[in-house]
Amino acid sequence: MANEQYTTIKPLTSPLEGTVKVPGDKSISHRAVLLSAMAEGVSNLEGVLDSEDVRSSITAVEALGAKVELSVAEDGSLEGSIEGWGNAGPSQPDHEIDCGNSGTTARLLMGIIAPWDIEVTLTGDDSLKRRPMRRNTAPLMKMGARFKPAEADHLPITEIGNRALRAITYDAPMASAQLKTAVLLAGVFANGTTTLNEPAPSRNHTELMLPEFGVPTTAGTRVASVSGLTQMHASDIKVPGDPSSAAFIAVAAILKRGSDVTIENVSLNPARIGFVRTLERMGASIEERRTGAEGKEPSGTIHVSYSPSLHGCEVPSQHFASIIDEVPVLALVAAHAKGVTVFRGVAELRAKESDRLQAIIDGLEILGIDAWEEGDNLFVEGDPNLVVNSGLRFESHGDHRLAMTWSLVGLCGCAPVEVADFESVSVSYPNFLSDIEGLAN
Ligand code: S3P
């Protein structure tokens with residue numbers, strides 16, 4: 001990238017100790033905002049993540065006619081109400097909708113727009129414009145929505161909704177919660193039962209939340225259905241902490257000598273805490289404890305401490321969806337482990353906010369660690385005696401999860417590192433650095 005800004009990340013001077021509460025879950029926050037906007041009446045929301053991605057969803061639903069009254073609470077989350085467009089449907093926006101960096105906003109909106117008589121152009125930043133969209137437009141076209149250009153795989157794309165949407169049964173080519181959710185949200189307003197089958201279980205927040213808004217929903221391990229036509233009614237949603245953000249704190253504690261941390265009020269949805277299982281299998285000292293639930297989302301604490309004897313492990317492709325956003329930071333742990341770690345079936349990483357597969361291999365090479373791709377699999381040959389040299393410079397490609405991953409090299413090692421476009425952390429975890437530094441005081 002031409003105009004990259006580098007941030008120097010210095011080593012923490014003491015271990016991480018104490019308790020921390022991570023910000024609200026990004027996936028659940030998007031859904032709370034979007035489903036409230038679709039529903040009839042006023043929904044009350046608490047604990048919503050205040051980040052650039054969620055703000056993209058908020059701006060989008062405002063452009064479509066929802067009345068959003070969310071403000072920043074004492075703990076930094078967003079709370080307040082959203083009055084949805086409900087049975088009247090969304091209004092025709094007078095400009096294109098910019099989804100920023102947020103794939104979730106763009107892909108879920110495609111399902112939301114599909115059943116209404118409006119024509120909406122969706123666009124995004126340079127990263128989002130490079131990400132595949134045909135996976136979403138294909139099933140929505142089968143349901144009767146139209147797209148211009150019809151064959152487009154990349155934003156900007158104009159969607160033309162259809163009041164007479166058809167219910168479908170769709171076999172998704174990949175496990176993607178964004179694809180599944182778009183089809184289910186369109187299906188709420190299609191006559192009949194819309195069913196989505198997926199090759200492996202993806203995160204199920206939509207299936208758990210739709211019944212709270214009055215939508216008859218059934219869900220199995222690799223299948224979910226909604227019955228339409230339904231009228232959605234308002235609901236009250238409390239968003240638990242984000243396990244994907246918790247993963248960065250957990251890895252910091254695992255790598256920084258002497259650390260012992262408890263992360264509170266995290267979503268413990270099994271579809272999201274694959275990283276805990278993987279870290280356990282690598283010999284890390286980490287365990288979760290369920291203490292309650294927010295709606296149908298299980299929540300609790302994660303306790304994690306410094307883990308000096310890590311070993312490589314094999315992560316089968318069936319587990320990929322449950323660690324999809326954590327592979328970069330897990331690859332960094334693998335770099336510190338004895339032996340080879342294999343992440344199977346990870347080709348989808350190429351279609352994230354950046355080409356994360358290549359970025360992991362390149363970043364680990366800077367660290368002096370051998371990592372390579374073979375078939376759809378990522379191999380990392382770890383070194384338990386890894387020493388971080390001074391002067392290392394990492395590219396984040398403007399990708400929040402890469403920025404946080406490489407910053408952990410500096411924070412937990414003995415030499416400062418430079419990370420390009422570190423500010424991208426504001427996409428999902430704006431207070432990442434201050435939360436980690438707060439634990440090391
Ligand atoms: C998300 C689903 C996942 C995940 C993304 C958020 C969601 O993407 O990587 O960060 O909120 O539905 P895919 O649907 O592409 O797997």
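This is a predicted model: local features need pLDDT of at least 70, side-chain atom pairs count only at pLDDT 80 or more; totals for chains, interfaces and linings use all residues.
Before I look at sheets: I call two strands paired if DSSP finds at least two bridges between them. Strands themselves (E, at least two residues) and helices (H or I, at least four) are DSSP runs, numbered from the N terminus.

Residues are numbered from 1 along each chain as its sequence is written, and side-chain values use heavy atoms, with hydrogens and water left out.

**Entry 1, the open sheet.** I found four strands in an open sheet, ordered β6-β7-β9-β8, with mixed pairing. Which strands stand at the edges? They are β6 (97-98) and β8 (146-148); each has a single partner strand, so one side of each lacks a neighbour in the sheet. Inside that order I checked β7 (residues 119-123) against β9 (residues 157-160): they run antiparallel and four bridges join them. One pair I looked up is L122, whose bridge partner in β9 is I157.

**Entry 2, strands around β13.** I then went to β13 (223-228). β11 (residues 192-197) pairs with β13 over six bridges, in the antiparallel sense. There, G192 has G228 as its bridge partner. I logged β12 and β13 as a hairpin with three residues between them.

Most residues other than glycine have a negative phi, and most peptide bonds are trans. I went after the exceptions. The bond joining L155 and P156 is cis, with omega about 0 degrees; P156 lies in the loop between β8 and β9. The peptide bond from G228 to L229 is cis too, with omega near -15 degrees. L229 is in the loop between β13 and β14 (236-238). So much for omega. For phi, I noted N265, a residue other than glycine with a positive value near 50 degrees. N265 is in strand β15 (residues 260-267).

What surrounds the ligand? I listed S27, R31, T104, R107, A175, S176, A177, Q178, R203, I324, D325 and K352, where near means that a heavy atom of the residue lies within 4 Å. By class that shell has three nonpolar, four polar and five charged residues. (Ala, Val, Leu, Ile, Met, Phe, Trp, Tyr, Cys and Pro count as nonpolar, Asp, Glu, Lys and Arg as charged, and the others, Gly among them, as polar.) I see α1 (26-38), α3 (103-113) and α6 (177-187) each supplying at least two of the shell residues.

Next I looked at polar contacts, meaning pairs of N or O atoms within 3.5 Å. A ligand oxygen is 2.7 Å from a side-chain N or O atom of S27. I got 2.7 Å for the side chain of S176 as well, again from a ligand oxygen to an N or O atom. For D325, the distance from a ligand oxygen to a side-chain N or O atom is 2.7 Å. How much of the ligand does the protein cover? It covers 97% of the 390 Å² of accessible area that the ligand has on its own (Shrake-Rupley method, 1.4 Å probe).

Terms used:
A polar contact is a pair of N or O atoms within 3.5 Å; within protein, one must be able to donate a hydrogen and the other to accept it, and residues adjacent in sequence count only if both atoms are side-chain atoms.
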